[in-house]
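I set out to read this structure from the overall fold down to single residues. My entries below record what I looked up, in order.

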Amino acid sequence: TILSVLNKPALVKWANNLGLQGIDSFKYVDEKAAIGTLTHRMIADYLRGEETDTSEYSKVQIDQAENALLAFFEWEKTHHITPILVEEPLVSEVFHFGGTVDCLGQINGNLCLLDFKTSRGIFPEMLIQVTAYRMLLIEHGHEVKQTSILRIGRTDDEGFEECLVNELDKRWQIFLHCLQIYRLQKEVR
């Protein structure tokens, strides 16, 4: 919500391209969001040792989420993970914002924050968002050694990507400025 103050020029071109193809961008986004939500749920349930209820989803949504889950399993084969927090909502008492951490865990011996994204790419606002999650964890007493985004494609052509997030101090400053703009905009509306 806070990062909505950032300009996302790629979205305008993307939505225009969908429109030129006769695709309703709102319906398209809703479908992809449902697949992303189910993928997150499947990964979180797997990490917790629970079974996922898929009764609210279509066969296409389940198939694509399962495809993404298989990609996660492939990544996990070379990354031993011991989850500590999974889908954990946190609130900063210092900066007054909140967020839900996808996974904090020991990965190959390092305490790592993992953020799962089901998208075609990793965009700047994603790096800023996960940096804010890192600061939430630090405020709550967790010493995060590594911050990563796992971009998990819903289909084979979307692929898989692991991105180690760097320049954390600068990204945190961007987040704080966005937070200030967000609050000011609420005041003047």
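The entries go from the fold to the cores and then to individual residues.

**Basis.** I note that the model is predicted: local features need pLDDT of at least 70, side-chain atom pairs count only at pLDDT 80 or more, and totals for chains, interfaces and linings use all residues. Residues are numbered from 1 along each chain as its sequence is written, and side-chain values use heavy atoms, with hydrogens and water left out.

**Fold.** I looked up the secondary structure and found 5 helices and 5 strands. Helices (H or I, at least four residues) and strands (E, at least two) are DSSP runs, numbered from the N terminus. Along the sequence they follow the pattern α-α-α-β-β-β-α-β-β-α. Of the 189 residues, 41% count as buried; buried stands for under 20% relative accessible area, exposed for over 50%, and partly exposed for what lies in between (1.4 Å probe, protein chains only). I then looked up contacts, defined as heavy atoms within 4.5 Å. Among contacts with a separation of 6 or more, 63% come from residues 24 or more positions apart.

I found an open sheet of 5 strands in the order 1-2-3-4-5, with mixed pairing. Two strands pair if DSSP finds at least two bridges between them. Strand 1 and strand 5 (160-164) stand at the edges with a single partner strand each, so one side of each is left without a neighbour in the sheet. Neighbouring strands are turned by 30 degrees against each other on average, direction ignored. For such angles, axes are lines fitted to C-alpha atoms, for helices over the stretch in contact, and the values run from 0 to 180 degrees between N-to-C directions.

I looked next at strand 3 and strand 4, which run parallel and are joined by 6 bridges. Leu113 stands opposite Thr147 in strand 4, and Asp115 has Ile149 of strand 4 as its bridge partner. Strand 4 is mostly covered, with 6 of its 7 residues buried. Helix 4 lies across strand 1, strand 2, strand 3, strand 4 and strand 5, and runs at about 140 degrees to strand 3.

**Cores.** Which residues have the most contacts inside the largest nonpolar core? I found Phe97, Leu113, Leu137, Ile149 and Phe175, in a core of 26 residues. Strand 1 (81-91), strand 2 (98-107), strand 3 (110-117), helix 4 (124-139) and helix 5 (168-188) each supply at least two residues of this core. Helix 4 gives the most, with 8 residues. Another core, of 22 residues, lies apart from this one and has Ile43, Ala44, Val86 and Cys112 among its members. A nonpolar core is a set of buried Ala, Val, Leu, Ile, Met, Phe, Trp, Tyr and Cys residues joined through side-chain atoms within 4.5 Å.

I checked Leu113 for contacts beyond four places in sequence; its partners include Val101, Val130, Leu137, Val144 and Thr147.

**Aromatic rings.** I looked up 9 aromatic pairs in the structure. Rings of Phe, Tyr and Trp (its six-membered ring) pair if their centres lie within 6.5 Å; planes under 30 degrees apart count as stacked, over 60 as edge-to-face and the rest as tilted. Ring pairs link Tyr46, Phe72, Phe73, Trp75 and Phe116 into a cluster.

**Arg151.** Is Arg151 buried or exposed? At 6% relative accessibility, Arg151 is buried, and its place is in strand 4 (residues 146-152). Its side chain reaches the backbone oxygen of Glu158 at 2.7 Å. Beyond four places in sequence, its contacts include Lys117, Arg120, Ile122 and Phe160.

**Lys145.** I found Lys145 in the loop between helix 4 and strand 4, where it is exposed at 57% relative accessibility. The C-alpha atoms of Lys145 and Asn110 are separated by 6.2 Å, with the two residues 35 apart along the chain. The side chains of Lys145 and Glu143 are joined by a polar contact of 2.8 Å. A polar contact is a pair of N or O atoms within 3.5 Å; within protein, one must be able to donate a hydrogen and the other to accept it, and residues adjacent in sequence count only if both atoms are side-chain atoms.

**Positive phi.** Glu87 is not a glycine, yet it has a positive phi of about 50 degrees. Glu87 lies in strand 1 and is partly exposed at 27%. Asn108, also not a glycine, has a positive phi of about 50 degrees and lies in the loop between strand 2 and strand 3.
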